[in-house]
Amino acid sequence: MEETVGDPPTSAVLLDHCHFSQVIFNSVEKFYVPGGDVTCYYTLTEHFTPRRKDWIGIFRVGWKTTREYYTFMWVTLPVDPNNVSTKQQEVQFKAYYLPKDDEYYQFCYVDQDGLVRGASIPFQFRPENEEDILVVTTQGEVEEIEQSNNELRKENQELKDSCVSLQKQNSDMQAELQKKQEELETLKSINKKLEQKVEEQKDIWETELLQLKEQNQKLSSENEKMGVRVDQLQAQLSTQEKEMEKLVQEAQDKTEQLECLKKENGQLFLSLKEQRKHQQKLEKTVEELKQQEAIATKKEQELTDENFDLSKRLSENKMICIVLQREKERLEGENDLLKRDNFRLMSYMGLDFDSLPFQVPTSDQGGAGQNPGLVFGNPYFGIQESSAPSLRTIKKCPTCKSNLADDVFDHISQQHPMETLSLDCPICDKSFSANEKQIFEDHVFCHTL
(Lines give C-alpha, C1' and ligand atoms only; values in the text may rest on other atoms or scores of the structure.)
Protein backbone atom coordinates (compact mmCIF):
# COMPACT_ATOMS: atom_id res chain seq x y z
CA MET A 1 0.00 0.00 0.00
CA GLU A 2 1.43 3.38 -0.94
CA GLU A 3 0.39 6.93 -0.17
CA THR A 4 -0.87 8.76 -3.22
CA VAL A 5 -0.29 12.37 -4.09
CA GLY A 6 -3.96 13.29 -4.55
CA ASP A 7 -5.95 14.63 -1.64
CA PRO A 8 -8.50 12.29 -0.04
CA PRO A 9 -12.23 13.10 0.00
CA THR A 10 -13.06 15.29 3.00
CA SER A 11 -16.00 17.28 4.29
CA ALA A 12 -16.75 20.12 6.66
CA VAL A 13 -19.25 18.03 8.66
CA LEU A 14 -18.93 18.56 12.42
CA LEU A 15 -18.11 15.73 14.83
CA ASP A 16 -21.72 15.45 16.02
CA HIS A 17 -22.79 13.97 12.65
CA CYS A 18 -20.07 11.27 12.52
CA HIS A 19 -20.34 7.60 13.52
CA PHE A 20 -17.24 6.49 15.42
CA SER A 21 -18.35 2.95 16.25
CA GLN A 22 -18.46 1.40 12.77
CA VAL A 23 -14.64 0.89 12.59
CA ILE A 24 -12.67 -0.20 15.67
CA PHE A 25 -8.90 0.36 15.96
CA ASN A 26 -6.91 -2.40 17.70
CA SER A 27 -3.48 -2.57 19.40
CA VAL A 28 -2.91 1.20 19.43
CA GLU A 29 0.25 2.05 21.41
CA LYS A 30 0.47 4.96 23.84
CA PHE A 31 3.45 6.26 21.88
CA TYR A 32 5.47 5.33 18.79
CA VAL A 33 9.23 5.75 18.42
CA PRO A 34 10.13 8.35 15.73
CA GLY A 35 12.07 7.13 12.71
CA GLY A 36 10.16 3.85 12.29
CA ASP A 37 7.13 2.79 10.27
CA VAL A 38 3.78 2.61 12.13
CA THR A 39 1.25 -0.16 11.44
CA CYS A 40 -2.40 0.63 12.17
CA TYR A 41 -4.70 -2.35 12.90
CA TYR A 42 -8.49 -1.93 12.62
CA THR A 43 -11.65 -4.05 12.48
CA LEU A 44 -14.70 -3.45 10.26
CA THR A 45 -18.05 -4.05 11.98
CA GLU A 46 -20.92 -6.03 10.44
CA HIS A 47 -23.00 -3.00 9.54
CA PHE A 48 -20.23 -1.19 7.68
CA THR A 49 -19.19 -1.79 4.06
CA PRO A 50 -15.85 -0.26 2.92
CA ARG A 51 -15.59 1.56 -0.41
CA ARG A 52 -12.77 2.29 -2.83
CA LYS A 53 -12.17 5.91 -1.76
CA ASP A 54 -12.08 5.19 1.99
CA TRP A 55 -8.91 6.27 3.80
CA ILE A 56 -7.27 6.34 7.24
CA GLY A 57 -5.70 9.58 8.42
CA ILE A 58 -3.59 10.73 11.37
CA PHE A 59 -5.25 13.73 13.07
CA ARG A 60 -3.94 15.93 15.83
CA VAL A 61 -6.19 15.69 18.89
CA GLY A 62 -8.67 18.56 18.86
CA TRP A 63 -9.49 18.44 15.13
CA LYS A 64 -12.89 19.74 13.98
CA THR A 65 -13.29 18.49 10.40
CA THR A 66 -11.72 15.78 8.25
CA ARG A 67 -9.81 18.42 6.30
CA GLU A 68 -7.41 18.82 9.23
CA TYR A 69 -5.54 15.51 8.68
CA TYR A 70 -1.73 15.42 8.97
CA THR A 71 -1.17 12.44 6.64
CA PHE A 72 -3.27 9.57 5.27
CA MET A 73 -3.19 6.17 3.57
CA TRP A 74 -5.81 4.56 1.28
CA VAL A 75 -7.45 1.46 2.71
CA THR A 76 -7.39 -1.90 0.94
CA LEU A 77 -10.81 -3.39 0.15
CA PRO A 78 -11.25 -6.93 1.55
CA VAL A 79 -11.53 -9.76 -1.00
CA ASP A 80 -14.57 -11.29 0.73
CA PRO A 81 -16.46 -8.67 2.79
CA ASN A 82 -18.64 -11.40 4.36
CA ASN A 83 -15.65 -13.35 5.71
CA VAL A 84 -14.88 -12.67 9.39
CA SER A 85 -11.10 -12.86 8.88
CA THR A 86 -11.20 -10.15 6.23
CA LYS A 87 -12.78 -7.78 8.74
CA GLN A 88 -9.35 -7.56 10.41
CA GLN A 89 -7.37 -5.06 8.31
CA GLU A 90 -4.14 -3.11 8.64
CA VAL A 91 -2.40 -0.20 6.98
CA GLN A 92 1.22 0.93 7.32
CA PHE A 93 2.41 4.55 7.55
CA LYS A 94 5.95 5.25 6.39
CA ALA A 95 8.25 7.00 8.88
CA TYR A 96 9.02 9.78 6.37
CA TYR A 97 5.42 11.08 6.45
CA LEU A 98 4.83 10.83 10.22
CA PRO A 99 4.74 13.86 12.58
CA LYS A 100 8.01 14.93 14.17
CA ASP A 101 6.67 16.66 17.30
CA ASP A 102 5.41 15.16 20.60
CA GLU A 103 1.76 16.28 20.27
CA TYR A 104 -1.12 13.82 20.72
CA TYR A 105 -2.56 12.25 17.55
CA GLN A 106 -5.17 9.60 16.72
CA PHE A 107 -6.16 7.36 13.79
CA CYS A 108 -9.49 8.13 12.05
CA TYR A 109 -11.28 6.06 9.41
CA VAL A 110 -12.94 8.35 6.82
CA ASP A 111 -15.21 7.04 4.04
CA GLN A 112 -15.39 8.42 0.52
CA ASP A 113 -18.14 10.84 1.57
CA GLY A 114 -15.73 12.52 4.02
CA LEU A 115 -17.49 11.17 7.14
CA VAL A 116 -15.59 9.67 10.10
CA ARG A 117 -16.54 6.03 10.78
CA GLY A 118 -14.06 5.26 13.56
CA ALA A 119 -11.37 6.87 15.76
CA SER A 120 -8.57 5.45 17.93
CA ILE A 121 -7.27 6.46 21.34
CA PRO A 122 -4.69 9.29 21.40
CA PHE A 123 -0.97 8.52 21.11
CA GLN A 124 2.36 10.35 20.77
CA PHE A 125 5.51 10.14 18.67
CA ARG A 126 8.42 10.21 21.10
CA PRO A 127 11.40 7.97 22.04
CA GLU A 128 10.90 5.30 24.68
CA ASN A 129 14.21 6.02 26.42
CA GLU A 130 15.84 9.35 25.66
CA GLU A 131 19.61 9.21 26.19
CA ASP A 132 21.75 12.17 25.26
CA ILE A 133 25.11 11.42 23.65
CA LEU A 134 27.95 13.92 23.88
CA VAL A 135 29.88 13.99 20.58
CA VAL A 136 33.33 15.58 20.75
CA THR A 137 34.57 16.83 17.44
CA THR A 138 37.06 19.40 16.27
CA GLN A 139 35.87 22.87 15.35
CA GLY A 140 36.74 22.39 11.68
CA GLU A 141 34.80 19.14 11.42
CA VAL A 142 31.82 20.72 13.18
CA GLU A 143 31.82 23.65 10.74
CA GLU A 144 32.02 21.30 7.74
CA ILE A 145 29.17 19.15 9.07
CA GLU A 146 27.05 22.23 9.84
CA GLN A 147 27.69 23.64 6.38
CA SER A 148 26.72 20.33 4.78
CA ASN A 149 23.60 20.12 6.95
CA ASN A 150 22.62 23.69 6.05
CA GLU A 151 22.95 22.92 2.34
CA LEU A 152 20.85 19.77 2.74
CA ARG A 153 18.23 21.71 4.72
CA LYS A 154 18.14 24.38 2.02
CA GLU A 155 17.68 21.79 -0.73
CA ASN A 156 15.05 19.99 1.36
CA GLN A 157 13.20 23.28 1.92
CA GLU A 158 13.24 24.00 -1.83
CA LEU A 159 11.83 20.54 -2.51
CA LYS A 160 9.15 21.08 0.14
CA ASP A 161 8.21 24.44 -1.38
CA SER A 162 7.98 22.86 -4.83
CA CYS A 163 5.92 20.01 -3.39
CA VAL A 164 3.56 22.46 -1.66
CA SER A 165 3.13 24.38 -4.92
CA LEU A 166 2.32 21.19 -6.83
CA GLN A 167 -0.08 20.09 -4.10
CA LYS A 168 -1.82 23.45 -4.29
CA GLN A 169 -2.17 23.18 -8.06
CA ASN A 170 -3.38 19.63 -7.67
CA SER A 171 -5.94 20.64 -5.05
CA ASP A 172 -7.19 23.44 -7.31
CA MET A 173 -7.63 21.02 -10.20
CA GLN A 174 -9.29 18.52 -7.92
CA ALA A 175 -11.68 21.21 -6.71
CA GLU A 176 -12.47 22.20 -10.31
CA LEU A 177 -12.96 18.55 -11.26
CA GLN A 178 -15.18 17.98 -8.23
CA LYS A 179 -17.18 21.05 -9.13
CA LYS A 180 -17.68 19.83 -12.70
CA GLN A 181 -18.64 16.39 -11.47
CA GLU A 182 -21.17 17.91 -9.09
CA GLU A 183 -22.61 19.95 -11.94
CA LEU A 184 -22.75 16.82 -14.07
CA GLU A 185 -24.50 14.88 -11.33
CA THR A 186 -26.93 17.77 -10.89
CA LEU A 187 -27.69 17.81 -14.61
CA LYS A 188 -28.16 14.05 -14.64
CA SER A 189 -30.55 14.20 -11.71
CA ILE A 190 -32.51 17.00 -13.37
CA ASN A 191 -32.64 15.02 -16.58
CA LYS A 192 -33.87 11.94 -14.76
CA LYS A 193 -36.59 13.89 -12.99
CA LEU A 194 -37.67 15.46 -16.23
CA GLU A 195 -37.86 12.09 -17.93
CA GLN A 196 -39.99 10.72 -15.10
CA LYS A 197 -42.36 13.64 -15.36
CA VAL A 198 -42.55 13.17 -19.12
CA GLU A 199 -43.47 9.50 -18.71
CA GLU A 200 -46.14 10.33 -16.15
CA GLN A 201 -47.65 13.12 -18.20
CA LYS A 202 -46.84 11.93 -21.71
CA ASP A 203 -50.22 12.81 -23.17
CA ILE A 204 -50.37 16.26 -21.60
CA TRP A 205 -46.82 17.44 -22.15
CA GLU A 206 -46.04 15.98 -25.56
CA THR A 207 -45.08 19.35 -26.95
CA GLU A 208 -42.90 20.19 -23.97
CA LEU A 209 -41.26 16.78 -24.30
CA LEU A 210 -39.79 17.82 -27.64
CA GLN A 211 -38.33 20.91 -26.05
CA LEU A 212 -36.95 18.88 -23.18
CA LYS A 213 -35.35 16.48 -25.65
CA GLU A 214 -33.64 19.39 -27.33
CA GLN A 215 -32.40 20.59 -23.96
CA ASN A 216 -31.27 17.08 -23.19
CA GLN A 217 -29.26 16.99 -26.39
CA LYS A 218 -27.62 20.27 -25.50
CA LEU A 219 -26.84 18.95 -22.06
CA SER A 220 -25.41 15.78 -23.60
CA SER A 221 -23.13 17.81 -25.84
CA GLU A 222 -22.04 19.83 -22.84
CA ASN A 223 -21.56 16.60 -20.96
CA GLU A 224 -19.28 15.32 -23.73
CA LYS A 225 -17.33 18.55 -23.58
CA MET A 226 -17.07 18.15 -19.84
CA GLY A 227 -15.88 14.58 -20.33
CA VAL A 228 -13.14 15.79 -22.67
CA ARG A 229 -12.18 18.43 -20.11
CA VAL A 230 -12.14 15.79 -17.36
CA ASP A 231 -9.84 13.60 -19.48
CA GLN A 232 -7.50 16.55 -19.97
CA LEU A 233 -7.49 17.28 -16.25
CA GLN A 234 -6.83 13.63 -15.47
CA ALA A 235 -3.89 13.63 -17.92
CA GLN A 236 -2.50 16.73 -16.23
CA LEU A 237 -3.08 15.10 -12.84
CA SER A 238 -1.15 11.97 -13.86
CA THR A 239 1.74 14.13 -15.12
CA GLN A 240 1.84 16.03 -11.85
CA GLU A 241 1.71 12.77 -9.92
CA LYS A 242 4.82 11.57 -11.79
CA GLU A 243 6.59 14.84 -11.02
CA MET A 244 5.57 14.50 -7.40
CA GLU A 245 6.99 10.96 -7.28
CA LYS A 246 10.30 12.28 -8.66
CA LEU A 247 10.38 14.98 -5.99
CA VAL A 248 9.64 12.41 -3.29
CA GLN A 249 12.43 10.18 -4.63
CA GLU A 250 14.86 13.11 -4.57
CA ALA A 251 13.82 13.90 -0.99
CA GLN A 252 14.45 10.26 -0.04
CA ASP A 253 17.91 10.45 -1.67
CA LYS A 254 18.68 13.55 0.39
CA THR A 255 17.49 11.70 3.48
CA GLU A 256 19.85 8.81 2.69
CA GLN A 257 22.72 11.26 2.28
CA LEU A 258 21.84 12.73 5.66
CA GLU A 259 21.90 9.22 7.16
CA CYS A 260 25.36 8.66 5.63
CA LEU A 261 26.54 11.88 7.27
CA LYS A 262 25.13 10.66 10.56
CA LYS A 263 27.06 7.38 10.18
CA GLU A 264 30.27 9.30 9.44
CA ASN A 265 29.57 11.40 12.49
CA GLY A 266 29.21 8.20 14.51
CA GLN A 267 32.55 6.95 13.21
CA LEU A 268 34.16 10.25 14.20
CA PHE A 269 32.65 9.81 17.63
CA LEU A 270 34.17 6.34 17.94
CA SER A 271 37.61 7.61 16.91
CA LEU A 272 37.42 10.54 19.29
CA LYS A 273 36.23 8.29 22.09
CA GLU A 274 39.73 6.79 22.31
CA GLN A 275 41.18 10.22 23.02
CA ARG A 276 38.98 10.61 26.07
CA LYS A 277 40.99 8.11 28.14
CA HIS A 278 43.24 10.83 29.56
CA GLN A 279 40.17 12.83 30.64
CA GLN A 280 39.05 10.49 33.44
CA LYS A 281 39.19 13.34 35.92
CA LEU A 282 36.43 15.11 33.97
CA GLU A 283 34.05 12.12 33.66
CA LYS A 284 31.98 13.09 36.69
CA THR A 285 31.49 16.60 35.30
CA VAL A 286 30.54 15.16 31.90
CA GLU A 287 27.95 12.83 33.50
CA GLU A 288 26.41 15.77 35.32
CA LEU A 289 26.24 17.71 32.06
CA LYS A 290 24.54 14.73 30.39
CA GLN A 291 21.90 14.62 33.12
CA GLN A 292 21.32 18.37 32.93
CA GLU A 293 21.20 18.52 29.13
CA ALA A 294 17.67 16.99 29.02
CA ILE A 295 16.27 20.01 30.88
CA ALA A 296 18.68 22.60 29.46
CA THR A 297 16.09 24.14 27.15
CA LYS A 298 13.68 24.70 30.04
CA LYS A 299 16.34 26.39 32.18
CA GLU A 300 17.74 28.74 29.57
CA GLN A 301 16.77 31.80 31.56
CA GLU A 302 18.23 30.33 34.74
CA LEU A 303 21.50 29.62 32.94
CA THR A 304 21.55 33.22 31.70
CA ASP A 305 21.19 34.45 35.29
CA GLU A 306 23.84 32.00 36.45
CA ASN A 307 26.16 33.23 33.66
CA PHE A 308 25.66 36.76 34.93
CA ASP A 309 26.49 35.62 38.48
CA LEU A 310 29.59 33.78 37.22
CA SER A 311 30.71 36.90 35.38
CA LYS A 312 30.26 38.86 38.57
CA ARG A 313 32.19 36.23 40.54
CA LEU A 314 34.92 36.26 37.90
CA SER A 315 35.34 40.01 38.30
CA GLU A 316 35.45 39.52 42.08
CA ASN A 317 38.04 36.75 41.67
CA LYS A 318 40.12 39.07 39.52
CA MET A 319 40.02 41.68 42.29
CA ILE A 320 40.97 38.99 44.83
CA CYS A 321 43.83 37.91 42.54
CA ILE A 322 45.07 41.52 42.43
CA VAL A 323 44.88 41.75 46.24
CA LEU A 324 46.72 38.41 46.58
CA GLN A 325 49.39 39.61 44.12
CA ARG A 326 49.92 42.71 46.25
CA GLU A 327 50.05 40.54 49.37
CA LYS A 328 52.62 38.30 47.63
CA GLU A 329 54.78 41.31 46.82
CA ARG A 330 54.51 42.47 50.43
CA LEU A 331 55.51 39.00 51.67
CA GLU A 332 58.45 38.96 49.25
CA GLY A 333 59.59 42.27 50.72
CA GLU A 334 59.27 40.87 54.23
CA ASN A 335 61.20 37.78 53.06
CA ASP A 336 64.02 40.05 51.82
CA LEU A 337 64.06 41.77 55.22
CA LEU A 338 64.20 38.39 56.97
CA LYS A 339 67.07 37.31 54.76
CA ARG A 340 68.94 40.50 55.60
CA ASP A 341 68.29 39.84 59.32
CA ASN A 342 69.56 36.31 58.80
CA PHE A 343 72.71 37.71 57.17
CA ARG A 344 73.31 40.05 60.09
CA LEU A 345 72.70 37.16 62.52
CA MET A 346 75.25 34.98 60.73
CA SER A 347 77.72 37.85 60.79
CA TYR A 348 77.07 38.18 64.50
CA MET A 349 77.68 34.45 65.02
CA GLY A 350 80.99 34.68 63.15
CA LEU A 351 79.96 32.61 60.14
CA ASP A 352 81.62 33.28 56.76
CA PHE A 353 78.91 34.60 54.43
CA ASP A 354 81.00 33.94 51.29
CA SER A 355 81.23 30.23 52.08
CA LEU A 356 77.40 29.84 52.14
CA PRO A 357 75.70 28.41 49.01
CA PHE A 358 73.29 31.35 48.74
CA GLN A 359 73.44 35.17 48.60
CA VAL A 360 71.10 37.67 50.24
CA PRO A 361 69.27 39.57 47.50
CA THR A 362 69.23 43.32 47.65
CA SER A 363 66.17 45.45 46.95
CA ASP A 364 67.53 46.28 43.47
CA GLN A 365 68.15 42.65 42.63
CA GLY A 366 64.77 41.63 43.93
CA GLY A 367 63.10 44.16 41.67
CA ALA A 368 65.17 43.25 38.64
CA GLY A 369 63.05 40.17 38.02
CA GLN A 370 59.92 42.24 37.80
CA ASN A 371 58.64 43.67 34.57
CA PRO A 372 58.46 47.47 34.86
CA GLY A 373 55.66 47.49 32.29
CA LEU A 374 53.28 45.56 34.62
CA VAL A 375 51.28 47.50 37.21
CA PHE A 376 51.38 44.72 39.85
CA GLY A 377 54.59 43.03 38.72
CA ASN A 378 55.22 39.73 36.97
CA PRO A 379 52.63 37.21 38.35
CA TYR A 380 55.00 34.29 37.56
CA PHE A 381 58.11 35.86 39.07
CA GLY A 382 57.52 34.40 42.56
CA ILE A 383 56.67 30.97 41.09
CA GLN A 384 59.92 30.84 39.11
CA GLU A 385 61.94 31.77 42.18
CA SER A 386 60.13 29.23 44.35
CA SER A 387 60.70 26.44 41.81
CA ALA A 388 64.43 27.26 41.16
CA PRO A 389 66.90 24.50 42.13
CA SER A 390 68.97 26.98 44.23
CA LEU A 391 66.06 27.84 46.62
CA ARG A 392 67.00 27.29 50.27
CA THR A 393 64.42 26.54 52.92
CA ILE A 394 64.17 28.74 56.02
CA LYS A 395 64.28 27.01 59.40
CA LYS A 396 63.68 28.57 62.82
CA CYS A 397 66.12 28.25 65.64
CA PRO A 398 64.42 26.52 68.61
CA THR A 399 66.44 28.64 71.07
CA CYS A 400 66.24 32.19 69.75
CA LYS A 401 63.35 31.73 67.25
CA SER A 402 65.38 33.36 64.45
CA ASN A 403 64.97 32.41 60.77
CA LEU A 404 68.00 30.49 59.50
CA ALA A 405 69.00 29.02 56.14
CA ASP A 406 69.09 25.24 55.77
CA ASP A 407 72.92 25.02 55.80
CA VAL A 408 73.22 27.38 58.78
CA PHE A 409 70.55 25.45 60.60
CA ASP A 410 72.45 22.17 60.06
CA HIS A 411 75.62 23.80 61.34
CA ILE A 412 73.90 25.06 64.50
CA SER A 413 71.94 21.85 65.02
CA GLN A 414 75.23 20.03 65.66
CA GLN A 415 75.72 22.18 68.78
CA HIS A 416 72.22 21.54 70.20
CA PRO A 417 70.42 18.32 71.08
CA MET A 418 68.19 17.01 68.25
CA GLU A 419 65.23 16.73 70.61
CA THR A 420 65.02 20.52 71.02
CA LEU A 421 65.14 21.40 67.30
CA SER A 422 62.02 22.07 65.21
CA LEU A 423 61.55 22.66 61.46
CA ASP A 424 59.09 25.43 60.48
CA CYS A 425 57.72 25.80 56.95
CA PRO A 426 58.65 29.27 55.57
CA ILE A 427 55.34 29.46 53.68
CA CYS A 428 52.59 28.10 55.96
CA ASP A 429 54.53 28.16 59.35
CA LYS A 430 53.80 24.47 59.94
CA SER A 431 56.28 22.92 62.42
CA PHE A 432 58.06 19.55 62.14
CA SER A 433 60.41 17.82 64.57
CA ALA A 434 64.06 17.36 63.64
CA ASN A 435 63.48 13.65 63.16
CA GLU A 436 60.98 14.47 60.37
CA LYS A 437 63.46 16.28 58.13
CA GLN A 438 62.54 14.30 55.00
CA ILE A 439 58.82 14.97 55.61
CA PHE A 440 59.61 18.66 56.12
CA GLU A 441 61.58 18.87 52.85
CA ASP A 442 58.78 17.10 50.95
CA HIS A 443 56.26 19.50 52.49
CA VAL A 444 58.28 22.57 51.39
CA PHE A 445 58.72 21.08 47.92
CA CYS A 446 54.91 20.68 47.57
CA HIS A 447 54.56 24.45 47.89
CA THR A 448 56.73 24.91 44.79
CA LEU A 449 54.43 22.76 42.57
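**Strands**

I began with E1 and strand E3 (residues 38–44), which run antiparallel and are joined by 4 bridges. For the labels, helices (H or I, at least four residues) and strands (E, at least two) are DSSP runs numbered from the N terminus, and two strands count as paired if DSSP finds at least two bridges between them.

Before going on, I noted that this is a predicted model, where local features need pLDDT of at least 70 and side-chain atom pairs count only at pLDDT 80 or more, while totals for chains, interfaces and linings use all residues. Residues are numbered from 1 along each chain as its sequence is written, and side-chain values use heavy atoms, with hydrogens and water left out.

Which residues of E3 are bridge partners of Phe 25 and Asn 26? I found Tyr 42 as the partner of Phe 25 and Tyr 41 as the partner of Asn 26. Tyr 41 also stands opposite Glu 90 in E6. E3 and E6 pair in the antiparallel sense, over 6 bridges.

Put together, I have an open sheet of 3 strands in the order E1-E3-E6, with antiparallel pairing. E1 and strand E6 (88–93) are at the edges with a single partner strand each, so one side of each has no neighbour in the sheet. Neighbouring strands here are turned by 30° against each other on average, direction ignored. I take axes as lines fitted to C-alpha atoms, for helices over the stretch in contact, with angles running from 0 to 180 degrees between N-to-C directions.

I checked the cover on E3 too: 5 of its 7 residues are buried. Buried means under 20% relative accessible area, exposed over 50%, and partly exposed in between (1.4 Å probe, protein chains only).

**A loop residue**

Where is Ser 27? I placed Ser 27 in the loop between strand E1 (23–26) and strand E2 (31–32). Ser 27 has a positive phi of about 55° although it is not a glycine. At 59% relative accessibility, Ser 27 is exposed.

**H1 against H2**

Next I looked at helix H1 (residues 139–200) and helix H2 (residues 206–273), which pack at an angle of about 160° with their axes 8 Å apart. H1 and H2 are therefore roughly antiparallel to each other. The cut-offs I used: under 35 degrees is roughly parallel, over 145 roughly antiparallel, 65 to 115 roughly perpendicular, and the rest oblique.

Is the crossing of H1 and H2 left-handed or right-handed? I logged the crossing of H1 and H2 as left-handed. A crossing is left-handed if the near helix is turned anticlockwise from the far one by less than a right angle, and right-handed if clockwise.

I also picked out Lys 213, which lies in helix H2 and is partly exposed at 45% relative accessible area. Lys 213 and Leu 194 are 19 residues apart in sequence and 9.7 Å apart in space, C-alpha to C-alpha.

**H4**

How far does H4 reach from its first C-alpha to its last? With 50 residues, H4 reaches 70 Å, close to the 74 Å expected at 1.5 Å a residue. The expected span is 1.5 Å times one less than the number of residues in the helix. Gln 325, Asp 336, Asn 342 and Met 346 are buried in H4. After H4 comes Gly 350, with a positive phi near 85°.

**Charged pairs**

How many salt bridges does the structure hold? I have 12 down, a salt bridge being a side-chain nitrogen of Lys or Arg within 4 Å of a carboxyl oxygen of Asp or Glu.

I looked up two in H4. Lys 328 pairs with Glu 332, the closest N and O atoms being 2.2 Å apart. Lys 328 and Glu 332 sit 4 residues apart in helix H4 (residues 300–349), about one helical turn. Lys 328 is partly exposed at 22%. Asp 341 and Arg 344 also meet in a salt bridge (1.9 Å, N to O), and they are 3 residues apart in H4. Asp 341 is partly exposed at 35%.

Lys 290 is partly exposed at 25%, and Glu 287 is partly exposed at 40%.

Last entry: Arg 51, Asp 111, Asp 113 and Arg 117 are linked in a network of salt bridges.
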